[in-house]
Amino acid sequence: MEIYAHRGYSIAYPENTLLAFTKAYEIGANGVELDVRLTKDGEVIVMHDDTVDRTTNGTGKVSELTLKEISKLDAGSWKGIAFENEPVPTLKKVLESLGHKTKLIIEFKNDKEQNPDYLVDQVVALIEETETMKNVIVSSFEFKNLVTTKSRMPDLSTALILEKGISGFWDRHFFKHSINVDALHPSIGEVTEKLVRTEHLNHRKVRVWGVNESFDMMQMEKFGVDAIITDDPKLGLIYNLNQS
């Protein structure tokens, strides 16, 4: 069972920073998961929220700030004084630093005021520029993002993230045979042994997010999932070690 670090080694380091990604790589995680958004001037940065308020010392929507403005922000101090002045990384920086060393799950975060195809195009262009396609998986809650991705780069691996509840139920069934989806990324609460078996019969991998406790890791391994996406990659690696 592979271990992916959710927003990097986010239980111990500021999420979605190059520091968090590097620390996850250094302890032996199989890969990292990160979120990307467009700035006002069309640059791709790594950030989960649509505003910079929660994880930096700034305020405002990402889509209304330029890369130059965002690059001045401190994205580390909220997690602890030891991480003061850790910057918000660009996707290009992450790909250049780690794209040839470890696997990267890149999740598209669309702003309603921006063209989602432009975000896909920019991400694909950066993957091409850095020659990192073999180590990249792109994921999204939006099926259209994956269709667009495949039209731009057919061999790039894609994953549909499942909404919780009834929305996730329809995703599981409606997209069952889609050629645009190479993997399913459900939340832990939506996973059953039958789901995993069905996806494997459709030649798709199952990587589960929100797996942060040893008991849940044991359950996911029992179900036969291919990977977990966890805030605590060290715990996942220890669990794997204890099972070997």
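## Conventions and model

Axes are lines fitted to C-alpha atoms, for helices over the stretch in contact, and the angles between N-to-C directions run from 0 to 180 degrees. Helices (H or I, at least four residues) and strands (E, at least two) are DSSP runs numbered from the N terminus.

The model is predicted: local features need pLDDT of at least 70 and side-chain atom pairs count only at pLDDT 80 or more, while totals for chains, interfaces and linings use all residues. Residues are numbered from 1 along each chain as its sequence is written, and side-chain values use heavy atoms, with hydrogens and water left out.

## Crossing of α8 and α9

Helix α8 (residues 214-223) and helix α9 (residues 233-243) have axes that come within 10 Å and cross at roughly 55°. The pair is therefore oblique; angles under 35 degrees count as roughly parallel, over 145 as roughly antiparallel, 65 to 115 as roughly perpendicular, and the rest as oblique. The crossing of α8 and α9 is right-handed, a term for the near helix being turned clockwise from the far one by less than a right angle, with anticlockwise giving left-handed.

In contact terms (heavy atoms within 4.5 Å), Ser-214, Met-217, Met-218 and Glu-221 of α8 meet Leu-235, Gly-236, Tyr-239 and Gln-243 of α9. By class, this contact has four nonpolar, three polar and one charged residues. Here Ala, Val, Leu, Ile, Met, Phe, Trp, Tyr, Cys and Pro count as nonpolar, Asp, Glu, Lys and Arg as charged, and the others, Gly among them, as polar.

## Crossing of α4 and α5

The axes of α4 and helix α5 (residues 143-152) come within 10 Å and cross at roughly 45°, which means that α4 is oblique to α5. α4 passes α5 in a right-handed crossing.

On the α4 side, Pro-116, Asp-117, Val-120, Asp-121 and Val-124 meet Lys-144, Asn-145, Thr-148, Thr-149 and Arg-152 of α5. By class, the contact of α4 with α5 has three nonpolar, three polar and four charged residues.

## Nonpolar cores

A nonpolar core is a set of buried Ala, Val, Leu, Ile, Met, Phe, Trp, Tyr and Cys residues joined through side-chain atoms within 4.5 Å; buried means under 20% relative accessible area, exposed over 50%, and partly exposed in between (1.4 Å probe, protein chains only). The largest such core has 32 residues, of which Leu-34, Val-36, Leu-91, Ile-106 and Val-123 touch the most other members. Two or more residues each come from α1 (18-27), β2 (31-38), β3 (44-46), α3 (91-98), β4 (103-108), α4 (116-130) and β5 (136-140). With six residues, α4 gives the most to this core. Apart from it lies another core, of 12 residues, including Val-191, Val-196, Val-225 and Tyr-239.

Leaving out residues up to four places away in sequence, Val-36 touches a set of residues that includes Val-44, Val-46, Leu-91, Ile-106, Phe-108, Leu-119 and Val-123.

## Loop residues

Arg-7, in the loop between β1 (2-6) and α1, has a positive phi of about 60° although it is not a glycine. At 14% relative accessibility, Arg-7 counts as buried. Asn-85, in the loop between α2 (67-71) and α3, is likewise not a glycine and has a positive phi of about 70°. Asn-85 is exposed, with a relative accessible area of 57%.

Thr-90 is found in the loop between α2 and α3 and is partly exposed, at 23% relative accessible area. Neighbours within four places in sequence aside, Thr-90 is in contact with Val-44, Ile-45, Val-46 and Leu-67. Thr-90 and Leu-38 are 52 residues apart in sequence and 9.9 Å apart in space, C-alpha to C-alpha.
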